[in-house]
Amino acid sequence: MHEHNYWLTTAEFPKIERRPLPARVDVAIIGAGFTGLSAARTLARRGAKVAVLEGETIGWGASSRNGGMVLTGMKLGVNKLISMYGRELTRRMYAASLETIDCVERIIGEEKIECNFSRCGHLEVACKLKHFDDYARQAEVIAREFNHELRVIQKHELSAEIGSNIYYGGMADEISAGLNPARYVSGLGRAAMKAGAEIFEHTSVQAAERERSQGDAGWKVTTSRGQLWAHEVFVATSGYTGTATPVLRKKIIPIGSFIITTEVLAEGLARELNPRNRMIYDSKNYLYYYRLTPDRRMLFGGRAAFFPENDQTIRRSAEILRRGMIDVYPQLRNMKIDYVWGGTLDFAFDIMPHAGQINGMYYALGYAGHGVAMATYQGQKIAELIAGDKPENPFIGIPFPGAPLGLYNGKPWFLPFAGAWYKFLDWVS
Ligand SMILES: Cc1cc2nc3c(=O)[nH]c(=O)nc-3n(C[C@H](O)[C@H](O)[C@H](O)COP(=O)(O)OP(=O)(O)OC[C@H]3O[C@@H](n4cnc5c(N)ncnc54)[C@H](O)[C@@H]3O)c2cc1C
């Protein structure tokens, strides 16, 4: 078994020469994942001089490590959203969540990114009868309020969707899609460069401070490779948000998520496990998500350890996830696990995506495991805002809560408790 991200074995990344930093740019973007690269592409196409500053390499963060599920909706259910934001704003948010997928598809088409994008739909499966009962209610609200059809699937019909009999039923959404995230983020990087953005790898931002230059208000950005001046700064660091942007760091909880992939499966077995090639996840808080890769491996992920990835959490996760996978699919009992890896998710305290400006800096983050489409979309929308447009973006300006009682300085000491709490909730609810 390789402790290595399987997707990286399938993708080629652009080779970027090490060049000196420019003295002055219109926009400095921190982070070269979906958010930062989508923003860089949009801004550069509008004629802005853009520097993407990435501490590691293109796509090094969650953007190359994820399940490649391009999902409708948000992490929170619609009833919860309506109770938090009211009908009108929730309607706009839901419409935006559908638009995020069109946004990904449009970019892939325009840039001819070969990343196995396919509108194969997603399937949520119910781990308890009461979860299944709730599907009909959710589908009804979504059809009535948002004019979007979800299909509720009874237990006896489920074998057409999944080769597992442990679930109480499911709910399918045909609009969702799947892709190869490493190929996608690499393609976005190429597209941003083709548009004229410059990407600086191994360039870690240490601080950004207000500074005027030649009469303009802007930012002095200090990096591991020297300084530059930027008219605007866009923070696109997601679960890897660190001390360079302390205000945002305090608002984001970094949570580990881990994935295993099996060896390549025989065609018949792959079809039996996932006949419609769906992106699948279950109804628990501590959920599993899984799909087939384009070369027919089972990719199986979950929050096996709450702490972000390191050698220990990755190794431990491999065994926990293998057991979880066999509970779902006993057919895979004798299959070899070829790869295991982990990455860091970014959760805001209200489990919502957030975007806009904080202390004058632009940002978009808080995707809570729904970032493939939303990060691409937010990157583009915030770029349009910086360029002077007034784009529709219902996530701007919603309250962005910090920790209760301010009990968080960016070091998530409470994760073991949160992990235990979510396991408890799964047990009782
Ligand atoms: C294991 C896993 C599975 C997931 N599965 C799915 C899925 O199936 N579907 C889905 O929709 N979402 C999924 N997600 C979430 C999704 O991958 C993320 O929401 C999305 O990739 C976030 O993109 P981003 O560009 O905002 O951040 P990232 O891709 O994390 O990029 C942030 C970048 O910022 C850089 N950075 C941080 N600080 C600095 C600094 N000071 N200076 C310079 N650079 C810096 C980091 O090196 C990193 O490359 C998953 C995430 C993980 C970890």
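**Exercise 1. Decide how well strand 1 is covered, and find which strands pair with it.**

Solution. Begin with strand 1, residues 24–30, which is mostly covered, since 5 of its 7 residues are buried; buried means under 20% relative accessible area, exposed means over 50%, and partly exposed lies in between, with a 1.4 Å probe and protein chains only. Strands are DSSP runs of E with at least two residues, helices are runs of H or I with at least four, and both are numbered from the N terminus. Keep in mind that this is a predicted model, in which local features need pLDDT of at least 70 and side-chain atom pairs count only at pLDDT 80 or more, while totals for chains, interfaces and linings use all residues. Residues are numbered from 1 along each chain as its sequence is written, and side-chain values use heavy atoms, with hydrogens and water left out.

Next, look for partners, remembering that two strands pair if DSSP finds at least two bridges between them. Strand 1 pairs in the parallel sense with strand 11 (residues 226–235) over 6 bridges, and valine 27 stands opposite glutamate 232 there. Strand 1 also pairs in the parallel sense with strand 2 (residues 50–53), over 4 bridges, where isoleucine 29 has valine 52 as its bridge partner. Between strand 1 and strand 2 the chain passes through helix 1, and this β-α-β crossover is right-handed, which means that, with the strands pointing away from the viewer, the path from the first strand over the helix to the second runs clockwise.

**Exercise 2. Is arginine 41 buried or exposed, and which side chain does it contact?**

Solution. First locate arginine 41, which is found in helix 1. Then read its relative accessible area, which is 3%, so arginine 41 is buried. Finally, its side chain is joined to that of glutamate 111 by a polar contact of 2.7 Å; such a contact is a pair of N or O atoms within 3.5 Å, and within protein one must be able to donate a hydrogen and the other to accept it, while residues adjacent in sequence count only if both atoms are side-chain atoms.

**Exercise 3. Determine how strand 16 is enclosed and which strand pairs with it.**

Solution. Count the buried residues of strand 16: 12 of the 12 are buried, so strand 16 is largely enclosed by the rest of the structure. Strand 12 pairs with strand 16 in the antiparallel sense over 11 bridges, and one of these pairs serine 257 with glycine 343 in strand 16.

**Exercise 4. Describe the shell of residues around the ligand.**

Solution. Start with the count, which is 37 residues around the ligand, the closest being Thr35, Glu54, Ser63, Met69 and Val205; a residue is near a molecule if one of its heavy atoms lies within 4 Å of it. Then sort the shell into 15 nonpolar, 19 polar and 3 charged residues. Among the elements that each supply at least two residues of this shell are helix 1 (34–45), strand 12 (252–264) and strand 16 (337–348). Taken alone, the ligand exposes 1,000 Å², of which the protein buries 95%.

Technical notes. Accessible areas come from the Shrake-Rupley method with a 1.4 Å probe; for residues, only the protein chains shown count as cover. Ala, Val, Leu, Ile, Met, Phe, Trp, Tyr, Cys and Pro count as nonpolar, Asp, Glu, Lys and Arg as charged, and the others, Gly among them, as polar.
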